[in-house]
Amino acid sequence: MVRFESATLSRAGGRSRNEDRCGSMVCDGAACWVLADGLGGRVGGEIAAQIAVDAVLAVFRDDPRCSADVLERAMEEANSALQREQAAEPRLAQMRTTAVVLLSDGSSALWAHLGDSRLYCLQDGWIVHRSRDHSVPQSLCDGGRITTEEIRFHPDRNRLLRALGNASKAEPALARDALLVGEGDVFLLCSDGFWEYVTETEMEADLACAMAPGEWLDRMEDRLLRSVAADHDNYSAIAVFAAADRGMNLGESSAGFAPASGVKGRVVKRQRSPAGWPVCLGFGSPGSLAVRSAVGREQISFGGEVYAD
Amino acid sequence: MRYVPGNAQHIGSREEQEDSFGFSSMEDGGFVRHGGFVGAVADGMGGLEHGREASQAAMRAFLCGYGRKQETESIPEALERSVREANEVVVRMGRDGGAGTTAGIAAGSALGSTLVAAALRDRSLYWVSVGDSAVYLWRNRRLTQLNCPHTFARVLNRRAAVGEISREQAEQHPDREALTSYLGEPMLREIDRNRRGFHLKQGDQIVVCTDGVFKTLSSEQMQAAMGDSPQRSCEALVERTLAAGEIRQDNLTVLAIAAECEPGDGEPAGERTGEGLAAGSTVMRQVRNRRRVLILALSGAVLAAAALPGWRAWRRLEAAPHRGVDTAPPAAPQDRSQAAPRPGVRAAPVKAPLAAGSRATTSLPEGASAQGTTAAGTALRVSEGKAATQLQSGVGTKMPKPGEPF
């Protein structure tokens, strides 16, 4: 069993509105993180993203398990919720969103995505998995026409091949086999406004410095801000660190992370968002439920005992 | 893992070389096994007083501090402790004034220096950085900056990101380049470092340099200068920086360390590497890569001519009474009309007109690998000043002198 500590970052960037939404939930010893990037150029991007986040968390709340079945239903429900809203509100008929979802029960993890929001999994400091975007540049890359690096800033990078909100069924890319989560494993969910400016090597380098997920996001955000253009896209990221539920060896060879400062056995939230940003709700006792949507910058951690057998 | 270092330095168009650099000793195999191999640069703050002396003192204290690392101390701990010790030395020198070769520094002087160091051991990299000097990873033909520079720009960018100020205000702020942390303040504000080792791959190079390089060259230009040979990479970076023709080119210093896997990595090296490394001809035999030998031979002739002033500087150092740590002669006093910097930030660097006649770049013969298989003294040597260059390697008292035929 591991305990998780996570942090969320979501900002408008150079745009007037932030159409990215992040959410997370801890429920009955399992946790769900979700990030959605409402498609720009259409009315209701932020509404679509919010509907998707809410729908995914609602499915997880009703069935808080780490299973492919839950993931699939969550994505399908998000798609249906969008279709209902599109039908009810004609001006929102074109709204679409990406989504990436991570589920874990402390021993295994599963994820799914649609569109070009990404999930990275890092083990022992290396990126061992990146979700493949449902986008034209990713297809060009898969066909050997461009390199992985050239996906960033490709002229067709806004052309998505799949998204939530289409009339058809949602077709998420879904990991059927759960990953066994170990101490030191790290997940990063992020929108394209984030990963375009932070290379994989930079993610790994900044992770080597960070003892907590918020610190990792801070460093990567500093990089992003150093290189962005004035009108850069919204950027969002959720960092999830898995740490053993005991004291950590912080020695140089350790792949572990600092113990979360949360009170053991209780789900604890640490809030570090800048003044003025909406403050998220606190969490209750183990096994209880919490729903949040994140804006700005915040951190949560929850103790290992929620996972106790 | 085998480490192949390279370095180059130039005074730019300044009156004085305020950058210092140094490598850790590779003579003591026992030390190298737990301490690895360290390369560091320090950039004395021209806006403050005695930038040259500050960076020299910081470099010396840092390398000596790291040389005291025990096996029980982790590399990140040792790097941080050494940086703190270097800070204390710079603070003390400013407070109490200099002595000996630094007697020109009056008590109460404001001194400041950046410092960035990279330590490589096995397949792991650790860095420590204070100020705005940079450490890069060269991998897959791309340079990635690893450290986070301590400039006020970071604070401004964050303020703009949360809407406290506009992006234009952040970008046009006059103190953008000011340092938010540097050696020379009683309380070291920030230290950038990695706590977990960063994994190295075959063919990676670590590049450590001062802002004289990356403020003149774009990251694309820097990438274009990089090649397989760390020595050639350093020289190309210096050449391209100078070729950019900045009228007020700052001092520039570059170190590069290539990480190369070898058969039986992690085991004691099968071949003795120490013998005769001090002799240039033996350096050749240490180089296993034939291609590099060719490059080395070709560049050797060029270096012999280019590094003559460096050799002269070396001869001066030879005559210096110190053992273990060499110092350059005291600097001539300089007119300092610059206003005192605001607390917490670094004043704009002193600009100087283009000096008549450029100084030579300095170099380090390649192939001086960081395999510490021999036991000898653990003396660390600091290299600094106009064109001085040195790297200790293998048995023998001195590294090959620049300009000496290979």
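1. Conventions. Residues are numbered from 1 along each chain as its sequence is written, and chains are lettered from A and ligands numbered from 1 in the order in which they are written. As the model is predicted, local features need pLDDT of at least 70 and side-chain atom pairs count only at pLDDT 80 or more, whereas totals for chains, interfaces and linings use all residues.

2. Strand 2 of chain A. Strand 2 (residues 20–27) has eight of its eight residues buried (buried: 20 or more other C-beta atoms within 10 Å of the residue's own; exposed: 12 or fewer; partly exposed in between; C-beta atoms placed from the backbone). Strands (E, at least two residues) and helices (H or I, at least four) are DSSP runs, numbered from the N terminus. Both faces of the strand are covered, with Asp20(A), Cys22(A), Ser24(A) and Val26(A) on one side and Arg21(A), Gly23(A), Met25(A) and Cys27(A) on the other.

3. Strand 2 of chain A pairs with strand 3 (residues 30–37) of chain A in the antiparallel sense over eight bridges; pairing requires at least two DSSP bridges between the strands. Val26(A) has Ala31(A) as its bridge partner in strand 3. Two residues lie between the strands of this hairpin, in which Asp28(A) takes a positive phi near 50 degrees.

4. Val198(A). This residue lies in the loop between helix 4 (192–195) and helix 5 (200–209) of chain A. Val198(A) counts as buried because it has 22 C-beta neighbours inside 10 Å. Beyond its neighbours within four places in sequence, Val198(A) is in contact with Met203(A), Met220(A), Arg223(A) and Leu224(A) (contact: C-beta atoms, placed from the backbone, within 7 Å).

5. Strand 10 of chain B. Five of the five residues of strand 10 (residues 205–209) are buried. The strand pairs antiparallel with strand 6 (residues 134–139) of chain B over five bridges, and five bridges also join strand 10 to strand 11 (residues 252–260) of chain B, again antiparallel. Gln205(B) stands opposite Trp138(B) and also opposite Ala258(B) in strand 11.

Notes
Two residues are in contact if their C-beta atoms, placed from the backbone, lie within 7 Å.
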